[in-house]
Structures are given as C-alpha cells and as structure tokens.
Amino acid sequence: MKLIVDRITENIAVLEKDDLSHVEVDSSLLPDGAKEGSVIRCDNGVYTLDTGAEEERRKKILAKQKLIFSNRKKD
C-alpha cells in the first residue's frame with residue numbers, strides 16, 4: 001500500500017492513503033529519513049521509503065505549479 005506522510009508529531013505519524021483517508025501510526029515505525037510529503041510503502045507491516053514515487057509526485061506538483069503561475073502572468 002502506498003502512503004504519503006501528511007504530518008509527524010512527537011509519537012504519531014498521520015499517513016494519507018490513496019483514497020484520501022488518513023491512518024495514524026507510531027512514528028517509530030517509519031523508515032529513517034521519512035518526513036512530511038514522503039511516499040512510503042507498507043508491505044506486511046514494514047514501512048519503506050519509495051523515493052521513485054516521491055520524485056514522480058514532486059515533478060507532477062511542480063508541473064502544476066508552473067502551469068498555474070504561467071497562466072496568472074497572462075491575466
């Protein structure tokens with residue numbers, strides 16, 4: 001299952017699922033380097049970073065931002 005780290009508090013990480021629902025897990029279960037916006041995979045209760053999916057997600061977000069801001073300059 002693919003999850004996005006929404007936020008991390010002291011002991012709890014809030015993760016967003018594909019259906020946009022959220023699940024809370026103990027932040028100690030997250031892999032080293034996990035931060036807000038990280039894409040992680042959960043397989044059999046083991047969480048791992050998915051850097052490829054995270055990079056692809058960031059590229060899509062940047063493309064959308066460029067589109068939005070380039071349209072604003074035309075107005």
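These legends accompany several views of a predicted model.

View 1. Starting at the N terminus, the elements run β-β-β-β-β-α, giving the protein chain one helix and five strands. Its C-alpha atoms fill a box of roughly 50 × 25 × 25 Å along the principal axes. The radius of gyration is 15 Å, whereas a compact globule of 75 residues would have one near 11 Å. Buried residues account for 27% of the 75 residues, and the accessible surface comes to about 5700 Å², with 50% of it belonging to carbon and sulfur atoms.

View 2. The mean pLDDT is 92, and 96% of residues reach 70 or more. Look to strand 2 (residues 12-16) for the highest confidence, at a mean of 97, and to helix 1 (residues 51-74) for the lowest, at 87.

**View 3. The hairpin of strand 2 and strand 3.** These two strands pair in the antiparallel sense over five bridges. Within the pairing, Ala-13 stands opposite Val-25 of strand 3. Five residues lie between the strands, and in this hairpin Leu-20 takes a positive phi near 75°.

View 4. Ser-27 sits in the loop between strand 3 (22-26) and strand 4 (39-43). Ser-27 counts as buried because its relative accessible area is 18%, and the cut-off for buried is under 20%. Beyond its sequence neighbours up to four places away, Ser-27 touches Ile-8, Thr-9, Glu-10, Asn-11, Ile-12 and Ala-13. Zoom in on Glu-10 here: its backbone oxygen lies 3.5 Å from a polar atom of the Ser-27 side chain.

Technical notes: Residues numbered from 1 in each chain as written. Predicted model: local features only at pLDDT ≥ 70, side-chain atom pairs only at ≥ 80, totals over all residues. Heavy atoms only, no water. Helix = DSSP H or I, 4+ residues; strand = E, 2+ residues; numbered from the N terminus. Buried < 20%, exposed > 50% of the residue type's maximum accessible area, 1.4 Å probe, protein only. Polar contact = N/O pair within 3.5 Å; in protein donor to acceptor, adjacent residues only side chain to side chain. Contact = heavy atoms within 4.5 Å. pLDDT = per-residue confidence, 0-100. Pairing = 2+ DSSP bridges. Rg over C-alpha atoms; globule rule 2.2 N^0.38 Å. Areas by Shrake-Rupley, 256 points an atom, 1.4 Å probe, with all protein chains shown as cover.
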